[in-house]
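Subject: Structure handover

Dear colleague,

Here is the structure I said I would pass on. My notes on helix packing and salt bridges follow below it.

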Amino acid sequence: MGNSIRFLKSTQNEDDAPKTNKKRKHEDGPGCSEEMLEVLNTPKRKRIKSTSKYIYQTLFLDGENSDVTLKVCGKAWKLHKLYLKQSPYFSSMFGGLWKESSMDCVEIDVVDSNITEESLKIAFGSLYKDDIFIKPIQLTSVIATATLLQLEGLLQHCAVMIKDTVSSATVCEYYQASSQYGMEESRLCCLDWLTRNVLVAPNVLFIRDVSPDLMVEIVGCPHLYVIQVEIDLYTLLKKWIFLIQNPTWDGENKDLLKVTDAFFKDSVKEMDGKCYLEADVGWSYVPVFTKIRWNHVVNDLTSVRMIENDKIVPIGWLDPMFLYSWWRVLTVEQGHDKGPVEHLDDAVFNERCTRFGRILHKSGEYCWRWIGYSYGVDLLLSVSNGRLVTVKRNTHTQTCPQAVSLLDHRNIAYRLTISSFDTDGKEKSKKTSGIKHISLGKDEEEIALVLDSDQQYPLAVSMNVVFLTPGQDPLPTLKLPNR
């Protein structure tokens, strides 16, 4: 296209270079070193004039030699069918038997409010030049326009931008756009970001824009990084409801839980003895709360007392969880269940596992356990030498605040995942053990993961564990009233 002049890099074989230099030594005159000759004979690439910029300015912006005018979104665009036919949308319009194929002026009715004059300029302009510039704030409109015009290359560029710029400031809008316009890979990219960051993002105010349907998907995800334990998801949902119900609140993160608790305390006072989720205003949030793994919450007394005092979830809704947990305690304490013996497939493991997590802010020596009764297995996770991550079944070496099984061996299945991330929450590295099935003796320890010697921090640790043999009976669900 056009009269573009380019100096291209030489394709000369390196093996021939010395011969060429020697041959030209006398031609270039005495006193020229081989280094100087190499400099003199190495072509340099330089763009004298950009054909692409000329085409974009002359044909697209100035509309010279236009053979069709498109009237879209209140603006007349003087364009060229040859360039427009790069789009399947226009290729069909101008290349078939449609009446528009012979028209000099075509009016396109746009019903999608996301499509704007600005996004049309970007989309049409992309047909006239190779490089385009899009701001993150423009992505939804550009995706909408590219979808209408079937510009696959532009959509791919938007997908790359989503991956590169996803953060707490953009993730909700990106997720909505990806879902609305069928960009499944980008939707999963946003969901993956949310499952890693929703509990650890420095500024939690972004969750105000998380829709109930999306929150259902996040809370229900088996790969969710739960920091620290399942009850912390309940606390997150309290904050989420408060932020939705108070859209103008923009205080600091450190004050959020305090004002959230005050909000619910005042709200339930006016509900005639009902808990928040029983009232009309709270009922729409119930599907999200059903995704919490309550059978792992009721195993901790402090957590149960919190739920009872908050009066958000009626304590009676948890009756099936108490019954299920007591039944499983009896089977363990009386020696009928030593943990999963047979290999668990991914679906069963993901459904039954507990979800634990922690953030390690810097390299060091760590050893910890998570709160809650774990059916006699006091599981310790340790990081030593900055690299070695181990799991240990503690029975005698350290004091344990709960009953510990003294059986010779206990079986567990676990999956340990450790990721590093940047300040925007994007994943930089990831290691996982996969699902492992092990039998641990008393105070026995096993290596779970070995981190890289140059491992970057902070690290997000996600630990999923199945302590019990999965039964044939389904997991209990909340005892919801009929409405």
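In this predicted model, helix α10 (residues 184–197) and helix α11 (residues 212–220) cross at roughly 65 degrees, and their axes come within 10 Å. The crossing of α10 and α11 is right-handed. On the α10 side the contact involves Arg187, Leu191 and Leu194, which meet Leu214, Glu217 and Ile218 of α11. By class, this contact has 4 nonpolar and 2 charged residues, and no polar ones. Arg187 and Glu217 also belong to a network of salt bridges, together with Glu184.

From α12, the residues in contact are Ile231, Tyr234, Thr235 and Lys238; from α16, they are Ser303, Met306, Ile307 and Asp310. These divide into 4 nonpolar, 2 polar and 2 charged residues.

Salt bridges number 17 over the whole structure.

- Lysine 431 and aspartate 452 meet through their side chains at 3.1 Å, N to O. The pair links distant parts of the chain, 21 residues apart: lysine 431 is in strand β9, and aspartate 452 is in the loop between β10 and β11 (459–466). Lysine 431 is partly exposed at 28% relative accessible area, and aspartate 452 is partly exposed at 35%.
- Lysine 442 pairs with aspartate 408, with the closest N and O atoms 4.0 Å apart. Here too distant parts of the chain are linked, 34 residues apart, with lysine 442 in the loop between β9 (427–441) and β10 (445–450) and aspartate 408 in the loop between β7 (388–394) and β8 (409–421). Lysine 442 is partly exposed at 39%, whereas aspartate 408 counts as exposed at 56%.
- Glutamate 252 pairs with lysine 254, the closest N and O atoms being 3.8 Å apart. Glutamate 252 is partly exposed at 47%, while lysine 254 is exposed at 65%.

One further residue is lysine 163, which lies in helix α8 (residues 152–165). Its relative accessibility is 58%, so lysine 163 counts as exposed. Leaving aside residues up to four places away in sequence, lysine 163 touches Cys189 and Lys426. Between lysine 163 and asparagine 464 there are 27 Å in space, C-alpha to C-alpha, and the two are 301 residues apart in sequence.

Regards

Definitions and conventions. Residues numbered from 1 in each chain as written. Predicted model: local features only at pLDDT ≥ 70, side-chain atom pairs only at ≥ 80, totals over all residues. Heavy atoms only, no water. Contact = heavy atoms within 4.5 Å. Helix = DSSP H or I, 4+ residues; strand = E, 2+ residues; numbered from the N terminus. Nonpolar A, V, L, I, M, F, W, Y, C, P; charged D, E, K, R; others polar. Buried < 20%, exposed > 50% of the residue type's maximum accessible area, 1.4 Å probe, protein only. Axes fitted to C-alpha atoms, helices over the stretch in contact; angles between N-to-C directions. Left-handed = near helix turned anticlockwise from the far one by under 90°.
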